[in-house]
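Reader: Walk me through this structure. Give me the general idea first, then the case at hand.

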Amino acid sequence: TDTYAVFGNPIAQSKSPAIHRHFCEQTGEDMAYTKQLVPEGEFRQAADAFFADGGRGLNVTVPFKLDAYEYANHLTARAQRAGAVNLLIKENDGSITGDNSDGIGMVNDMLNMGWELGDKKVLLLGAGGAVRGVLEPVLSQQPKCLTIANRTVSKAEQLARDFHDLGTVSACSFDDLSGQRFDVIINGTSASLHGDLPPLPDQLLAPKAACYDMMYGAEPTVFLSWAETQGADQLADGLGMLVGQAAESFYAWRHIRPEVVPVITELRRKMV
Ligand code: ATR
């Protein structure tokens, strides 16, 4: 039986083993997938031990995505762009490929829900690792324009420079958003982890706007509650992104594409 795991700290709350169990039941694949608490500063030793023991692949979550980026022997183009790795694959020659399936997981979730990004005015809130990770897949949908708003504007400006070759990307502060309207707003700040909301102006949503939070929980996030009061037409949290990145990981390892929708439904049912 091929073995896989997710490394993180904390890790107890991880839904990845349950998600991959669903994928195995669906596809009949035989694999073991466990979660492993890795002490901070010990990613390399833990990964070395895992692969030396015959492990075939890892998912990597907070706070090790940069360690995984450095650990990989080679990187996919999307991982290079993301500057972070959430997926390691052991190749037949023994080398380790680093990939990033977070962004494609989010965009596929949106497409599954029937959301369009093409020719839309898209706003991304935040300029940390989570936002960097989704920029290439979002831009590949060819939005009309993409704005990155962040508390620390210089970080948004840096991202806009790093991705300007892929589309019309601009950066601004939250204050600068007054008077602008967007069709799709994606929250990639870690503010909601602490129940905070970036200071967003009213009337930010265009008619029929869709709002997506990369965070998820049993209760609507503060951002999604805000979006509802602002009249958003569509709302979604990041549970589908989590299942989507897992599906891309499963595909990279097993070369079979599992179905995500029944797994999202089942996880949601268990959360409430
Ligand atoms: P991650 O890997 O989750 O993206 P990160 O790289 O630390 O984490 O980035 C966190 C993001 O959330 C940043 O954009 C941060 O804004 P700053 O760059 O100005 O620090 C944003 N953020 C965190 N708390 C916030 C808050 N209370 N209000 C607004 N933005 C916040």
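Author: Pro-10 lies in the loop between strand E1 (2-8) and helix H1 (16-27). Helices (H or I, at least four residues) and strands (E, at least two) are DSSP runs, numbered from the N terminus. This is a predicted model: local features need pLDDT of at least 70, side-chain atom pairs count only at pLDDT 80 or more, and totals for chains, interfaces and linings use all residues. Residues are numbered from 1 along each chain as its sequence is written, and side-chain values use heavy atoms, with hydrogens and water left out.

Reader: Which peptide bond joins Asn-9 and Pro-10, cis or trans?

Author: Most peptide bonds are trans. The bond between Asn-9 and Pro-10 is cis, with omega about 5°. Another cis bond joins Val-62 and Pro-63, again with omega about 5°. Pro-63 is in the loop between strand E3 (57-60) and helix H3 (65-71).

Reader: How many helices and strands does the protein chain have?

Author: The chain has 10 helices and 12 strands. Its radius of gyration, taken over C-alpha atoms, is 18 Å, close to the 19 Å that the globule rule (2.2 Å times the number of residues to the power 0.38) gives for 272 residues, so the chain is as compact as a globular protein of that length. The C-alpha trace spans about 55 × 40 × 30 Å along its principal axes.

Reader: Which residues come nearest to the ligand?

Author: A residue is near a molecule if one of its heavy atoms lies within 4 Å of it. Of the 13 residues around the ligand, Ala-127, Ala-130, Asn-150, Thr-152 and Lys-155 come nearest.
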